[in-house]
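Hello,

Here is the structure I promised to send over. My notes on it follow below.

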Amino acid sequence: MISVLFVGGLIWHDRVYGRMVATPYGNFDVQEPVLLELFDSPALQRLKGVRQYGATYYADKKEYNRYEHSVGVWAILRRFNARLEEQIAGLLHDVSHTVFSHVGDVLFNHTSLKSSYQDDIHAWSLEQQKVPEILEKHGLHLESILHKSGDHCMLEQDLPDLNADRIEYNLYGGLLENMITKEDIKPILQAINYENGRWFFTDRARAKQFSRISLYHSEYIWGGLSNFITYRFAAQALRRAVEIGLISLEDVHFSVDDIIWEKFCKSDDGIIKQAVYGILHHGKNYELCSQKSSDIVITSKFRGVNPWVLHDGVFTRLTDGDPEFAHEYNRVKNTVTNARFVRLIPADLEKQ
C-alpha cells in the first residue's frame, strides 16, 4: 500500500509494505502482528477518506487525512518508546470520526470543550468496525487501547501541554501552511523529550517555533470564522440528507467524505444546494457584526500550546521566559474564546 501526498515541497510517502512504515517522523521496522493487521484493517483504511479539516477541503484543497494523522501519531509514540498498547491507542484514536471529521460535533450538538463527539462514541465505533476481534486474536482487549481511558499519558495530556496527538497535527499543519519545512521536523523532534509523565522542550527557540504553529491554527484554522461557517453548512447538509433519506446515519458514521460530497453535489434539494454553495464560497457568506444584528454567536476552543522548557535543570513554561510569545499567546486566546457576532449573507443561487 502506498499513498503519496505533495505538501508544500514535501513528497509524503506513508507506506506500509512488509515490515517497514516510513513517515516524516522516522522509518520504523514493524514486527508486531497486531500492528500489521491493524494497518490493513478496514477501520484504519477508511480514514484515508476522512479529511482532517473536514469539508473545508472542498474549498481550499488542503489534503491531510485522518489516516496520515493517525499513522503520524503512532510514529511519534513509537519514536519515544511508548508501550504497545499506547501505540495502538494512538493508531486508532481517530477511527470513530464521522465523515467530515469534527462536523460530527456540530451535527450531534456536542458542545463539550473537554471531548468531541468521536471521543464519546469511540468504543462503540471500534466495536461496530470489529476492531476488538483483531485485538483479542493477539491477546489484547478493547479497554486497554481506549485513548481516553487515562492510561495513555504520552497520547493524552490536557492543554496547554504537548501530547503525541498535538505534536503530529501541529507539525503537519505547519507543513501545510508553509510555517516549517521538511528539514525543520528533525531538529524540532530532537528538541522534544518525554520523561516522568511530562513532555518538554530542551531548546527554547524550537519550542517557540513549534508553538507559533498552534497559535496560527487556533486563530485561522480551528478557530477561524470561515472554518466555523463551513462546518455549520456541512452539518446542515448532513442533517437534511438524513432527513430526506439521501444518506443514513450509518453513512454519517462509517462512510467517507468524497462519497457523501458527491451525493450532496448531485442533489436538487434546496437546503443541500445552499449548504454546498456555502462550503465552496466560505468567506463570502458571512460578516462580523454587532450582537443586535447577529444570526449566530461564535466562541471556539483555544488549542494553543504553552509547553514546558527545561533549562539548567529547571522547568518553566514558554510564556514565562518569553514576553513576546506570552503576549501573542494571550492575544490569540482572547480572540478565539471571546464571543464573535456573525451575520449570515444568504446566497441567491438563481443568480449564480
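Pro160 sits in the loop that runs between helix 9 (131-137) and helix 10 (164-176). Helices here are DSSP runs of H or I with at least four residues, strands are runs of E with at least two, and both are numbered from the N terminus.

Before you go further: this is a predicted model, in which local features need pLDDT of at least 70 and side-chain atom pairs count only at pLDDT 80 or more, while totals for chains, interfaces and linings use all residues. Residues are numbered from 1 along each chain as its sequence is written, and side-chain values use heavy atoms, with hydrogens and water left out.

Asn81 is not a glycine, yet has a positive phi of about 65°. Asn81 is found in the loop between helix 4 and helix 5 (84-92). Its relative accessibility is 68%, so Asn81 counts as exposed. (Buried means under 20% relative accessible area, exposed over 50%, and partly exposed in between, with a 1.4 Å probe and protein chains only.) Asn178 is also not a glycine and has a positive phi, of about 60°. The loop between helix 10 and helix 11 holds Asn178. Asn178 counts as exposed because its relative accessibility is 57%.

Now the overall picture. The protein has 17 helices and eleven strands. Its radius of gyration is 21 Å, close to the 20 Å from the globule rule for 352 residues, so the protein is as compact as a globular protein of that length. That radius is taken over C-alpha atoms, and the rule is 2.2 Å times the number of residues to the power 0.38. The C-alpha trace spans about 60 × 55 × 35 Å along its principal axes. Of the 352 residues, 53% count as buried. The accessible surface is about 15700 Å², and 49% of it belongs to carbon and sulfur atoms. Areas come from the Shrake-Rupley method with a 1.4 Å probe; for residues, only the protein chains shown count as cover.

On contacts (heavy atoms within 4.5 Å): among those between residues at least 6 apart in sequence, 71% join residues at least 24 apart. What does Ser211 touch, leaving aside its neighbours within four places in sequence? Ser211 is in contact with Val305, Pro307, Leu318 and Phe325. Ser211 belongs to helix 12. At 0% relative accessibility, Ser211 counts as buried.

Next, charges. There are 39 positive and 47 negative side chains, and the centres of the two sets lie 4 Å apart. Lys and Arg count as positive, Asp and Glu as negative; His and the chain ends are not counted. Each charge is placed at NZ of Lys, CZ of Arg, CG of Asp or CD of Glu.

Side chains of opposite charge can pair when their charged atoms come close. The structure holds 19 salt bridges, each being a side-chain nitrogen of Lys or Arg within 4 Å of a carboxyl oxygen of Asp or Glu.

- Glu63 and Arg51 form a salt bridge at 3.2 Å, N to O. The pair links distant parts of the chain, twelve residues apart: Glu63 is in the loop between helix 3 (57-60) and helix 4 (66-79), Arg51 in the loop between helix 2 (42-45) and helix 3. Glu63 is partly exposed at 22%, whereas Arg51 is buried at 8%.
- Arg206 and Asp184 form a salt bridge at 3.8 Å, N to O. This pair also links distant parts of the chain: Arg206 is in helix 12 (residues 204-221), Asp184 in helix 11 (residues 182-190), and 22 residues separate their positions. Arg206 is partly exposed at 23%, while Asp184 counts as buried at 16%.
- Glu328 and Arg331 form a salt bridge, with the closest N and O atoms 2.9 Å apart. Both lie in helix 17 (residues 323-337), three residues apart, about one turn of the helix. Glu328 is partly exposed at 30%, and Arg331 is partly exposed at 33%.
- Lys208, Arg212, Asp322 and Glu324 are linked in a network of salt bridges.

Best wishes
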